[in-house]
Amino acid sequence: MSTQKVTLRVYRGDAESGELQDYTVEVSEGMVVLDAVHQIQATQAPDLACRWNCKAGKCGSCSAEINGKPRLMCMTRMVDAIKTAEGGPILVKPMKTFPHIKDLVTDVSQNYRNNKKITPFRPAPKGPDGEWKIFQYEIDRAQEFRKCIECYLCQNVCHVLRDHHEFSFAGPRYMVRAAGLEMHPADQGDRIDQLKEELGIGYCNITKCCTEVCPEGIHITDNAIIPLKERVVDEHYDPITALFRKVFGKKAPPNPAP
Amino acid sequence: MSLPYETHEYDVLVIGAGGAGLRAAVEAAESGVKTGLVCKSLLGKAHTVMAEGGMAAALANVDTRDNWKVHFRDTMRGGKFLNNWRMAQIHAQEAPDRVRELENWGAVFDRTPDGKILQRNFGGHKYPRLAHVGDRTGLEMIRTLQDRTVEKKINVHMECTIYRLLKTDHAITGAVGYWRESGRPIVFRAKAVVLATGGIGRCFRVTSNSWEYTGDGHALAYLAGADLIDMEFMQFHPTGMVWPPSVRGILVTEGVRGEGGVLKNNKGERFMFKSIPDLYKADTADNEAEADRWLAGDKTARRVPELLTRDHVARCIVREVKEGRGSPHGGVFLDIASRRSADYIKKKLPSMYHQFKELGGIDITKEPMEVGPTAHYIMGGVRVDAETQMATIPGLFAAGEVAGGLHGANRLGGNSLSDLLVFGRRAGLGASSYAKGMKDIPQTDDGQVERIVKEMYEPFDRPSAENAFTVTSDLQTTMEANVGIARVQNELEKALQDIASLKERAKKVSVVGDCRYNPGWHQVLDLNNLLICAEALTMAALSRKESRGGHMRIDFPDSVGEEGKWNNVLRQGGEGQMVLEKQPLPEMPTELHALAHDEKAPQ
């Protein structure tokens with residue numbers, strides 16, 4: 001097996017101060033960036049902090065910015081990182097949007113707080129046999145959203161959060177979660193007001209940056225955010241619905257049952 | 001170095017936030033006791049997310065012949081009759097309700113054409129039994145339970161590691177740990193503690209397990225004086241990735257075979273037809289034509305041999321490789337490309353498609369995968385009461401992989417996720433009713449707390465000598481070489497000697513940097529747990545002079561009837577040394593014995 005030596009330029013430091021530091025790693029076949037970080041930990045800097053769990057692209061822990069691109073370290077092969085580094089060292093930095101803790105680790109607790117704002121699953125009553133009859137075609141969309149591994153790369157690139165620090169917007173991950181519940185055929189919750197008021201869906205101006213970085217390939221903008229925006233518009237800005245709400249109270253007539 | 005500590009009080013403290021821990025916490029909280037949850041990682045990242053194939057439950061949605069008795073029989077046969085029969089019975093009886101409950105909480109399972117929860121075939125299960133979501137069932141489960149945990153407003157201490165349990169002479173009183181981020185100590189006072197910490201896979205070099213699988217719960221229980229059982233039974237999953245080297249060990253779901261994938265050697269033979277164990281001859285096709293008919297849904301045909309139990313499939317792969325019929329990188333071929341359409345594969349096995357494409361540059365819809373055994377699951381663990389999941393120390397409970405008993409000598413695929421739900425719930429209930437029987441939160445011993453806290457930071461004061469990563473790597477090397485899939489007396493003895501000297505080296509490992517988010521320090525503490533688990537595994541393996549399930553002895557290749565009548569029990573002796581005791585199996589009621597040994601499936 002041939003090995004090659006390359007330089008990894010890793011951000012080291014804490015909330016107060018930090019700097020990029022160069023490490024030489026030996027690259028073997030099939031190696032990913034997370035392997036290189038582990039090699040540095042094991043041989044050069046045991047205190048280098050990074051999060052990881054599964055090393056198979058399923059847990060969404062090892063998010064970072066590799067050569068400026070938000071990626072999972074475990075799913076980024078060194079050969080590709082060498083290519084995108086264009087002859088220079090491979091740059092590995094923590095996600096920029098979140099408060100920095102140490103080295104490659106950031107404070108993602110805002111995401112957990114956002115999650116708590118969403119009305120949980122509200123199950124419909126079961127049929128006479130104690131079961132729901134739900135067909136596959138009815139859940140294909142919800143299943144797409146439930147593929148989310150909570151890597152927060154979408155939150156990291158969302159310019160509302162990253163550049164404008166507008167945290168009234170819960171961010172793409174929570175649009176996807178809300179969509180997964182709203183489009184669940186047996187859910188009876190209503191999150192439309194919440195999406196408008198508490199989750200700030202109006203802030204998204206559908207630039208699709210989130211969709212581009214999603215390692216699960218979820219069509220965040222087209223399949224989750226836009227349909228939710230349409231529901232918000234229908235409910236709040238459609239004159240007939242608005243009149244209905246005025247006369248009969250808050251909730252418009254529900255969608256026909258599946 | 002010693003730091004001031006914060007103290008939290010709970011009726012029930014759950015350690016670990018995978019499927020079992022979350023389910024236990026939900027149950028305890030719903031029963032009205034003050035419940036706290038501690039996890040090493042962020043919430044929702046636990047090893048359960050990696051579970052792929054599904055959860056086994058006799059819902060009988062796909063084959064109406066299925067029922068709990070068949071599931072019980074399959075589990076006992078898979079475990080080579082070493083299972084705790086009562087746990088196997090409870091598991092088979094309660095799993096369907098736990099799956100439906102998960103659906104009620106928002107899980108979105110794949111569906112049958114008539115709108116029910118779809119079930120797929122899996123190794124050792126007579127009928128299609130695994131409720132699933134493509135090949136990401138674990139993620140679905142953890143997200144659903146995570147949402148439920150949030151809804152129940154359970155207090156979660158994320159990125160917090162428990163270092164020791166606290167106890168008086170006779171009962172558990174709490175736990176001591178540290179925040180990974182700040183490195184500061186944290187003390188819990190609790191009436192009951194539930195261990196749900198998963199397995200010990202990081203003892204091995206080639207493993208499907210994440211960094212968290214350092215046997216923390218096994219070690220915490222052992223050090224507190226609890227019994228461990230069946231520690232010789234490590235499951236080597238037959239299909240891990242073998243190439244490229246950096247991904248070696250990553251799991252390839254049994255679902256690939258459940259969906260029709262076949263194993264071939266370098267001569268293109270489906271070698272699984274060559275040796276079908278007697279126990280499974282009546283259930284298994286001995287020719288390709290019949291196997292294909294079974295796959296196509298012919299209920300009169302017998303099952304494909306690729307879906308024999310994991311212990312057997314892994315051994316067959318080892319044999320093919322050893323006898324020169326392996327793939328170029330020391331595995332065998334797993335072929336689904338020639339069996340199913342590209343669209344079908346992408347729909348039913350999306351993560352596998354993605355994983356091979358991204359990490360191996362292989363398109364599994366066009367070419368076969370190369371696979372080989374990988375350390376996957378420890379059947380052994382904390383010895384618990386079947387009804388309540390209480391360990392041999394009052395106030396200590398265990399559920400999921402950290403608990404022993406249900407799976408005996410070999411676990412069936414799909415029985416883990418159902419185990420997490422069934423016994424996670426029971427542990428939550430058990431801990432809650434135990435806590436309700438106590439008036440006050442027990443007092444902890446300040447001296448004990450101080451000593452433990454001091455010990456935790458002691459590695460910072462050591463002179464620079466050994467590196468924790470190097471010692472861990474050396475442990476993995478010896479375990480892989482000497483206590484792996486095929487074992488023999490002199491190699492096991494060599495491993496025990498190595499472990500003894502690694503224990504000495506572990507006392508000298510030092511730490512670079514301060515205590516804030518310092519993986520080097522975390523590794524020092526985790527290493528001690530790994531060493532305890534490695535020693536227990538090796539000692540138990542030496543003691544069992546036969547081959548059974550996940551434990552294969554080259555020097556004792558057969559299963560011996562007499563050997564199948566006891567479990568290995570390990571505990572800490574008076575001088576701190578590990579002692580082993582053989583304990584007879586609990587006696588099984590006659591009717592269940594008849595069920596388990598039934599040649600045909602019970603109606």
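Predicted model: local features only at pLDDT ≥ 70, side-chain atom pairs only at ≥ 80, totals over all residues.
An α-helix has 3.6 residues a turn, so residues three or four places apart point the same way. After the helix comes B:Gly361, and its phi is positive, near 65°.

Let's stay in chain B and look at a sheet. Here 4 strands form an open sheet, and the order is β15-β10-β17-β18 with antiparallel pairing. The edges are β15 (381-382) and β18 (578-584) of chain B, each pairing on one side only. At the β15 end, β15(B) pairs with β10(B), residues 228-229, through 2 bridges in the antiparallel sense. If you want to find that spot on the screen, look for B:Leu228, whose bridge partner in β15(B) is B:Val382. As a reminder for anyone new to sheets, strands pair through backbone hydrogen bonds, either parallel or antiparallel.

One more strand residue in chain B: B:Thr161, which sits in β7(B), residues 160-167. Is B:Thr161 buried or exposed? It counts as buried, because its relative accessibility is 3%, under the 20% cut-off. Setting aside neighbours within four places in sequence, B:Thr161 contacts B:Lys40, B:Gly177, B:Tyr178, B:Arg180 and B:Asp216.

Now to salt bridges. Over all chains, the structure holds 85 of them. I've picked a few to walk through.

Next is a pair within one helix. B:Glu27 and B:Arg23 form a salt bridge whose closest N and O atoms are 2.9 Å apart. Why are these two separated by about one helical turn? Because they are 4 residues apart in helix α1(B), which covers residues 19-30. B:Glu27 is buried, with a relative accessible area of 12%, and B:Arg23 is buried as well, with 1%. These two are part of one network, in which salt bridges with shared partners join B:Arg23, B:Glu27, B:Arg86, B:Glu94, B:Arg98, B:Glu101, B:Glu387, B:Arg425 and B:Arg426.

Over in chain A, A:Glu182 and A:Arg231 form a salt bridge at 3.6 Å, N to O. This one links distant parts of the chain: A:Glu182 is in helix α7(A), A:Arg231 is in helix α10(A), residues 220-237, and they lie 49 residues apart. A:Glu182 is buried at 13% relative accessible area, whereas A:Arg231 is partly exposed at 26%.

While we're in chain A, have a look at the hairpin. Strands β1(A), residues 4-13, and β2(A), residues 18-27, run antiparallel and are joined by 10 bridges. The hairpin connects them through 4 residues. For a landmark, A:Lys5 has A:Glu26 as its bridge partner in β2(A). From A:His38 to A:Val25 is 13 residues in sequence and 10.0 Å in space, C-alpha to C-alpha.

Finally, how do the two chains meet? The contact involves 58 residues from chain A and 63 residues from chain B. About 5,000 Å² is buried between them, with carbon and sulfur atoms giving 52%. Across this interface there are 10 salt bridges, including one between B:Arg516 and A:Asp14, with the closest N and O atoms 3.2 Å apart. There are also 40 residue pairs in polar contact between the chains. On chain A's side, α1 (33-43), β6 (100-102), α3 (109-116), α4 (136-145) and α7 (172-182) each supply at least two residues. The largest share, 4 residues, comes from α4(A). By class, chain A's side has 29 nonpolar, 9 polar and 20 charged residues.

Notes: Residues numbered from 1 in each chain as written. Chains lettered and ligands numbered in written order. Heavy atoms only, no water. Contact = heavy atoms within 4.5 Å. Buried area = accessible area lost by both parts, 1.4 Å probe. Salt bridge = Lys/Arg side-chain N within 4 Å of Asp/Glu carboxyl O. Polar contact = N/O pair within 3.5 Å; in protein donor to acceptor, adjacent residues only side chain to side chain. Nonpolar A, V, L, I, M, F, W, Y, C, P; charged D, E, K, R; others polar. Pairing = 2+ DSSP bridges. Buried < 20%, exposed > 50% of the residue type's maximum accessible area, 1.4 Å probe, protein only.
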